[in-house]
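Please examine the sequence and the model shown here.

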Amino acid sequence: MQRLRESSVAQKSPEVPEGAAGPAAGRGRAVHGGRARSGVTPTPTPTPTPALTPARARPRTAARTAGASVAALATAGTLLLAPAAVAADGDKVTKNTVNQDYSVTIAAQFTRPNGAMLSRALTYDPKLVPVNSHVTVSERANSDRTRVGLRVDGLVANRTYGAHVHTGTCGVRPESSGPHYQHRKDPRTPSVDPAYANPKNEVWLDFTTDGKGEANSVSRNAWRFRSGEARSVVIHEHRTATKAGVAGTAGRVVACYSVPFNQSKEAAKAVSGLLGKLF
């Protein structure tokens, strides 16, 4: 499996050397009787302008075409990776394919919120989610099903946490991540009705760490995320409640990880449109 790291790559169009044809090409030499001799200046034979122009123009035209191709590919690459690699904290994209299915896995270390530069993985309570602890989130989706996986390590040992997919990205404040993502939206907010706040209508990823502070959890749902409406995985301080009036609640938000759920199709459409205009 190929691993891609975020990087900033500057693309440059290839430099094109001046063509050999031109006034300087035969300087100091002259052609006479089919052979070149030095120091002789015969009567110049007129060369039709059209014969010279294509020879000089072709490299420049090729350069412009090559430059456009490089720019298009650079832009395409940026668009394809943008949904899964937009952070500045070393997130790793291990798989991101563009086809009718969607697959992405990203990993990061939790850091404290910083107003100058926000990491994708934030801890609001380092006692429960220590700085530099790790998180990995994966999504596998086909036409009508979605599997979301969560892995953590470096957390408090032998402790249960709640976790869900939320609609907003992580911010300086814990509430920045918004409410839970719901396949069928509850008309009332906050949603505490078990008819809506349940693991079949939402993505619940509650987990219990082992003696090393490691844990895995998986959620499987018979639907796909609506594009752009699922943006993070949020970790809460305790297990998710299921009773009426408190369904879906799991205490304080202690950590948050921004995740590019179900975005590749939109990136592919953007790239296709760009290439169509250029070529």
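The paragraphs below treat the overall composition, a sheet, a disulfide, the aromatic rings and some backbone features.

The model is predicted, so local features need pLDDT of at least 70 and side-chain atom pairs count only at pLDDT 80 or more, while totals for chains, interfaces and linings use all residues. Residues are numbered from 1 along each chain as its sequence is written, and side-chain values use heavy atoms, with hydrogens and water left out.

The secondary structure of the protein consists of 2 helices and 13 strands. These elements are DSSP runs numbered from the N terminus, where helices are H or I with at least four residues and strands are E with at least two. Of the 279 residues of the protein, 35% count as buried; buried means under 20% relative accessible area, exposed means over 50%, and partly exposed lies in between, with a 1.4 Å probe and protein chains only. The protein exposes about 16,000 Å², of which carbon and sulfur atoms supply 55%. Accessible areas come from the Shrake-Rupley method with a 1.4 Å probe, and for residues only the protein chains shown count as cover. Among the contacts with a separation of 6 or more, 66% are between residues 24 or more positions apart, a contact being heavy atoms within 4.5 Å.

An open sheet of 5 strands provides the next point of orientation, with the order β6-β13-β12-β9-β10 and antiparallel pairing. Its edge strands are β6 and β10, each of which pairs on one side only. Two strands pair if DSSP finds at least two bridges between them. Strands of a sheet pair through backbone hydrogen bonds, either parallel or antiparallel.

Within this sheet, β12 pairs with strand β13 (residues 253-258) in the antiparallel sense over 5 bridges. The pairing of β9 and β12 is also antiparallel, over 5 bridges. Individual partners can be located: Val233 of β12 is the bridge partner of Val165, and Val233 stands opposite Tyr257 in β13. For Val234, the bridge partner in β13 is Cys256.

Is β12 mostly covered or mostly uncovered? The strand is mostly covered, with 5 of its 5 residues buried. In a regular strand the side chains alternate between the two faces of the sheet. In β12, Ser232, Val234 and His236 point one way, Val233 and Ile235 point the other way, and all are buried.

The structure holds 1 disulfide, a term for a pair of cysteine sulfur atoms within 2.5 Å. Cys170 and Cys256 form this link, with their sulfur atoms 2.0 Å apart. Cys170 lies in the loop between β9 and β10 and Cys256 in strand β13, so the pair ties together parts that are 86 residues apart in sequence. The link of Cys170 and Cys256 is left-handed, with -80 degrees about the S-S bond. Both Cys170 and Cys256 are buried.

The aromatic side chains come next. Rings of Phe, Tyr and Trp (its six-membered ring) pair if their centres lie within 6.5 Å; planes under 30 degrees apart count as stacked, over 60 as edge-to-face and the rest as tilted. The count by this rule is 5 aromatic pairs. One of them is the tilted pair of Tyr181 and Trp223, at 5.7 Å centre to centre and with 35 degrees between the planes. Tyr181 lies in the loop between β9 (160-166) and β10 (207-208), and Trp223 in the loop between β11 (215-221) and β12 (232-236), so the pair ties together parts that are 42 residues apart in sequence. Tyr181 is buried, with a relative accessible area of 1%, and Trp223 is buried at 7%. The rings of Trp223 and Phe225 have their centres 5.8 Å apart and their planes at 70 degrees, so this pair is edge-to-face. Ring pairs link Tyr181, Trp223, Phe225 and Phe261 into a cluster.

Some backbone features remain. The peptide bond from Thr189 to Pro190 is cis, with omega near -5 degrees, and Pro190 is found in the loop between β9 and β10. Asn132, in the loop between β6 (121-123) and β7 (134-141), has a positive phi of about 75 degrees although it is not a glycine. Asn132 is partly exposed, with a relative accessible area of 45%. Asn158, in the loop between β8 (146-153) and β9, has a positive phi near 55 degrees and counts as exposed at 59% relative accessibility.
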